[in-house]
There are 2 protein chains.
Amino acid sequence: MSRKPIILITNDDGITAPGISYLISIAKNLGDVFIVAPDKPQSGMGHAITINSTLRAIPTKYHNVEHEYSCSGTPVDCVKIAINQLMKHKPDIILSGINHGSNLSINVIYSGTMSAAVEGAVEGIPSIGFSLCDYAHEADFTQGKEYLEKIILSVLKNKLPKGVCLNVNIPKLTKDVIKGIKVCRQANALWEESFDERKDPYGRPYYWLTGEFKNLEKEATDTDVWANENGYITVVPTHADMTAYEAITILSENLL
Amino acid sequence: MSRKPIILITNDDGITAPGISYLISIAKNLGDVFIVAPDKPQSGMGHAITINSTLRAIPTKYHNVEHEYSCSGTPVDCVKIAINQLMKHKPDIILSGINHGSNLSINVIYSGTMSAAVEGAVEGIPSIGFSLCDYAHEADFTQGKEYLEKIILSVLKNKLPKGVCLNVNIPKLTKDVIKGIKVCRQANALWEESFDERKDPYGRPYYWLTGEFKNLEKEATDTDVWANENGYITVVPTHADMTAYEAITILSENLL
């Protein structure tokens with residue numbers, strides 16, 4: 001590529017989160033950065049879009065970047081409005097994150113960070129969602145730096161298979177003990193939920209969703225959860241096709 | 001099953017929508033109905049969950065059913081709070097819909113209706129999302145009745161493969177011309193977006209998301225879009241595994 005690559009950056013923790021700041025600092029050295037990120041935390045928004053209401057996209061200067069917008073919508077809205085309204089040229093790559101917390105396994109369907117990357121893939125743009133497996137606001141994002149750069153440069157050079165984005169999770173480890181990158185599949189897991197029931201000042205019940213992550217295939221060694229627990233930065237190629245192909249035949253027999 | 005099946009019903013158009021009313025009228029004849037549905041329209045909410053705020057679940061009597069709750073959350077919240085908080089016993093089946101409008105193809109990732117069904121599948125409960133390809137509030141939901149009953153009864157009898165739910169779309173046709181049920185895969189498609197930019201009364205810009213559905217594989221005859229356009233009720237087995245398996249090898253070569 002003779003010109004500098006155009007890098008669209010978004011996230012789900014909001015435009016002022018430390019994770020996006022660190023990602024921007026890496027991306028500034030690799031191309032021209034264009035930021036469109038949510039104006040407030042949008043964790044757990046999945047692939048939500050704003051269709052019954054309107055959107056704002058306000059120019060800001062949080063990151064001292066020429067093209068930088070704070071958007072009232074979801075992460076997927078940010079990608080859509082960036083590509084279809086705010087940017088003159090389509091980006092060469094979309095980077096989403098770095099998320100404060102894991103997006104391993106089943107988290108991919110709840111994650112705004114990953115949904116932004118999936119939306120990019122649907123729209124034909126090489127896209128990567130980054131997450132650090134540390135929920136702390138003051139998490140240390142610097143430890144995976146060389147691997148992140150390697151992954152971004154590889155995708156800029158080689159692109160990605162059509163419709164595929166990457167789900168990258170960085171373990172909460174220092175760089176000297178991170179073992180490297182492992183390409184793997186999404187582990188089969190779920191959140192075991194319980195609801196914390198409370199009473200409001202008027203005696204009426206309300207609920208907080210709480211849950212515990214449960215890996216359903218602890219023996220498997222080809223999953224993102226296993227690789228993460230064993231010291232690797234995990235890369236799961238991810239797409240929007242949710243068809244359970246192996247079920248088509250049996251269902252055809254049962255239903256027809 | 002000696003006792004009557006327990007049927008959990010939700011949707012994304014809200015608890016007062018005609019689509020859910022019709023689904024309830026069918027389900028009442030097949031088992032004991034338990035309703036937990038959003039208190040307002042939640043279309044396009046995808047797999048969003050409420051983690052930064054609280055939830056309400058208020059007993060109501062819109063449908064004259066003993067167990068009926070109007071929930072302040074998303075469709076996925078409704079499933080989670082139903083199963084983990086409100087219901088004494090896990091449901092035998094979850095029915096979501098009937099959605100006012102298509103959830104064919106790529107719509108599955110944006111759809112609250114389908115996300116509720118996917119959540120059910122993740123939690124190990126046979127789940128079906130139903131959609132009628134007619135966005136009108138006064139759409140005629142009755143035309144697909146016999147097929148819907150057939151699909152629900154088949155799932156109650158045969159269950160579904162582990163982790164798999166069904167995405168059922170009913171064409172906007174009268175029952176005499178509906179050709180039957182076809183089990184198929186999710187078509188590769190996208191929404192080509194454009195944003196309608198307007199000015200508020202203070203001169204500041206805001207945006208409405210608008211878009212046009214574009215089928216990227218018009219020649220293929222094994223997709224849900226093709227089958228729907230050709231007069232079939234489509235059934236796509238759907239799961240939460242978004243791994244693009246075919247990309248693992250090539251990425252391993254590029255990244256490692």
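Predicted model: local features only at pLDDT ≥ 70, side-chain atom pairs only at ≥ 80, totals over all residues.
A cavity, as the word is used here, is a set of grid points where a 1.4 Å probe fits but cannot get out, and its lining residues are those with an atom within 4 Å of a point.

The structure holds one cavity of 30 Å³ or more. The largest cavity has a volume of about 120 Å³, and 15 residues line it. If you look for its centre, the lining residues nearest to that point are A:His47, A:Ile109, A:Met242, B:His47 and B:Ile109. Helices α3 (107-110) and α4 (112-122) of chain A, along with α3 (107-110) and α4 (112-122) of chain B, each give two or more residues to this lining. The most comes from α4(B), which supplies three residues.

Now move to strand β2 of chain A, residues 32-38. Why is this strand largely enclosed by the rest of the structure? Buried means under 20% relative accessible area, and six of the seven residues of β2(A) are buried, so the strand is largely enclosed.

Strand β1 (residues 6-10) of chain A runs parallel to β2(A), with four bridges between them, and A:Leu8 has A:Phe34 as its bridge partner. Together with helix α1 (residues 18-27) of chain A, these two strands form a right-handed β-α-β unit. Strand β4 (residues 67-71) of chain A is also parallel to β2(A), joined to it by five bridges.

Notes:
Residues numbered from 1 in each chain as written. Chains lettered and ligands numbered in written order. Heavy atoms only, no water. Buried < 20%, exposed > 50% of the residue type's maximum accessible area, 1.4 Å probe, protein only. Pairing = 2+ DSSP bridges. Right-handed = clockwise from strand over helix to strand, strands pointing away. 1 Å grid on protein atoms, 1.4 Å probe; cavity = no way out; pocket = protein on both sides within 12 Å on 5 of 7 lines; lining within 4 Å. Points joined across faces, edges and corners; volume = space filled by probe spheres on them.
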